[in-house]
Amino acid sequence: MTVATTEELSDAIRGVGLRLTAPRLAVLRAVGEKSHVDAGTVFERVLADLPDTSVQAVYGVLSALTDAGLLRRIEPAGSPARYERRVDDNHHHIVCTRCGAINDVDCVVGHAPCLHPGNASGYTVQTAEVTFWGLCPACQDEVARAENTAEPVS
């Protein structure tokens, strides 16, 4: 993942018609540092730079940046909403059922919206969200080690 410069982030914020503010810049930077972050993690990262910020302010900025198309919000079942800066395609996600790790999965057929429903009920399909579920490599290793030593796996 390439970390964007302050100038690039500032240009992106202005480019979608939003006023450049310190909280918007800090939130966009925080989401760009590690993809698929939840609002609490974003708040902790922003708090280091802006100690007077609030959780509510971070939620407001996340919402504004998502509405403006600078962030994508995903909501895997059973976990809090996550945010990412990869918004330029209709990619999907794979989630570890054990530890909750999330990774990107490129579009299944290479173009948006990837999947077409058999009956769209008159809708015009713009995007398709697919979440794959399974065990990440680290959890596979832990499960295999536990099975080999007969230790219980949590």
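Predicted model: local features only at pLDDT ≥ 70, side-chain atom pairs only at ≥ 80, totals over all residues.
View 1. His36 sits in the loop that links α2 (22-33) to β1 (37-38). The residue counts as buried because its relative accessibility is 8%, and the cut-off for buried is under 20%. Its side chain makes a polar contact of 3.0 Å with the side chain of Glu84. Beyond neighbours within four places in sequence, His36 touches Ile74, Arg82, Tyr83, Glu84, His93, Ile102, Asn103 and Asp104.

**View 2. The open sheet β5-β4-β6.** The sheet has 3 strands, ordered β5-β4-β6, with mixed pairing. β5 (102-105) and β6 (131-134) each have a single partner strand, so one side of each lacks a neighbour in the sheet. From one strand to the next, the twist averages 25 degrees. β4 (residues 92-96) pairs with β5 in the antiparallel sense, over 4 bridges. Val95 has Ile102 of β5 as its bridge partner.

**View 3. Packing of helices α1 and α2.** α1 (residues 6-15) packs against α2 at an angle of about 115 degrees. The two axes lie 10 Å apart. The crossing is right-handed. On the α1 side, Thr6, Leu9, Ser10 and Ile13 make the contact. On the α2 side, the residues are Arg24, Leu25, Leu28 and Arg29. By class, the contact comprises 4 nonpolar, 2 polar and 2 charged residues.

How values were computed
Residues numbered from 1 in each chain as written. Heavy atoms only, no water. Helix = DSSP H or I, 4+ residues; strand = E, 2+ residues; numbered from the N terminus. Buried < 20%, exposed > 50% of the residue type's maximum accessible area, 1.4 Å probe, protein only. Polar contact = N/O pair within 3.5 Å; in protein donor to acceptor, adjacent residues only side chain to side chain. Contact = heavy atoms within 4.5 Å. Pairing = 2+ DSSP bridges. Axes fitted to C-alpha atoms, helices over the stretch in contact; angles between N-to-C directions. Left-handed = near helix turned anticlockwise from the far one by under 90°. Nonpolar A, V, L, I, M, F, W, Y, C, P; charged D, E, K, R; others polar.
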